[in-house]
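User: I am learning to read protein structures. Could you take me through some features, one at a time?

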Amino acid sequence: MKRRLFFILALLPLLVCAQSLQRVKPEKVGMSSRQLRYADEAINNAIDNGEIPGAVLAVVRHGKMAYLKAYGNKQVYPSKEPMTVGTVFDMASCSKTISTATCAMILVERGQLRLLDAVNRYIPDFEDWKSDDGLESQTIRVADLLTHSSGLPAYAPTEEVSKRYGSPSPQGLLDYICHVKREFRPKTDFCYSCLNFITLQHIIETITHQSLRDFARQNIFDILGMDYTDYLPCAPDANGKWQNTEEAHWAHLLPSGTDWRSIVAPTTKEPDGSVLVAQVHDPLARIMNGGISGNAGLFARADDVALFCAALQNGGEWRGHRILSPASVNTLHRVPREVAHLGRTIGWDSYSDYSSNKGDLLDADGVICHTGFTGTSIVMDANTDISIILLINSVHPEEGHSVVRLRSLVGNVVAASIMK
């Protein structure tokens, strides 16, 4: 019996990591190790200059992990803690792509949603665009939300909305979105808007009768083995300090007695000197939606994001576990004709002004990408079958540190490392 128990305990770490990508030397997938060292140099320079506390870089090619490395510290305040490749990051707006857009496409495949459906088919109070004189109107459709061409403003005044509806109040925030002034006629312009994806969240939840957290877990994360990916519900305590109201799904995977938050990279220092750890940084996602939000709120580690990218690069399937059809993956890569001038695909970026994280060397055709305010970044190139995942908590311990240039530098290095 003791021998059997020992065998099970010895095997457990392997079972937990069973879905991780196979790690290979870059040369095994046609890449140059020597060239990739320039990425190390660029990231370490940013750390030395105080621009970021640390980072994790993952490069996936041909379904294999060609590069995975941690740099610097995951925490520098109130004490220093080293970064590891297993660090879990606040993915910020990368939640839009990994979770919300993917969930929407799953419902499209199941015949429960159309990209051409009117938003108010699912949210009756949602107002369409109307001209200032009230003589013209135009329907806002699901595709308009996904391409940020709906006319909804970029964000909502969190303090004003929370005073009006209370906090957290997902329905209050939705009411605000339903009636806020639309800034332009749908499809005529581009405004990157968190409100688009919060609206999508409510559409997904209305159709599925599940929270976005549960639906995404059952239909994406569990299927691919993304064990360290989750939304983390939270609420303020009696003193106004933010606390998690539920454990992360990975809590049971850690050694007994380990705080599940201990593997999460902290973000911003609060006015009282505490630091947000495992409570989403985005104000609307945290204050109004309590941690589960269509625009932000997902936490993940690099290994899990790599699995997601490998699946999309493989037509929506990984090791026999499918989350999307090849047709849906092609749709995610394609900029709709009617908004070709905007450069946004369904849920992703291709060549808008927000796409600089792909760098200068990857061809725009076939490349989709996205970034998150906390410092996260994903680039996928169908032409070279490569994914670049750069995870940074650049808002720790304070905001104001730009990683726009660093993302491009790393993208250029990785692109130049492809030899065949």
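**Reading burial, salt bridges and a sheet**

Analyst: This is a predicted model. Start with burial: R213 has a relative accessible area of 5%, and the cut-off for buried is under 20%, so R213 is buried.

User: Which side chain does R213 meet in a salt bridge?

Analyst: The side chain of R213 meets that of E246, at 2.7 Å from N to O. R213 is in helix α8, whereas E246 is in the loop between β9 and α9, so the pair ties together parts 33 residues apart in sequence. E246 is partly exposed, at 43%.

User: Where do E159 and K163 lie?

Analyst: Both are in helix α5, 4 residues apart, which is about one turn of the helix.

User: How many salt bridges does the structure hold?

Analyst: The structure holds 13.

User: What is the order of the strands in the open sheet?

Analyst: In general, the strands of a sheet pair through backbone hydrogen bonds, either parallel or antiparallel. Here 6 strands run in the order β3-β2-β1-β15-β14-β13, with antiparallel pairing. β3 and β13 stand at the edges with a single partner strand each, so one side of each has no neighbour in the sheet.

User: How many bridges join β13 and β14?

Analyst: The two strands pair over 5 bridges, in the antiparallel sense. In one of these strands, β14, I378 is the bridge partner of H370.

Terms used: Residues numbered from 1 in each chain as written. Predicted model: local features only at pLDDT ≥ 70, side-chain atom pairs only at ≥ 80, totals over all residues. Heavy atoms only, no water. Pairing = 2+ DSSP bridges. Salt bridge = Lys/Arg side-chain N within 4 Å of Asp/Glu carboxyl O. Buried < 20%, exposed > 50% of the residue type's maximum accessible area, 1.4 Å probe, protein only.
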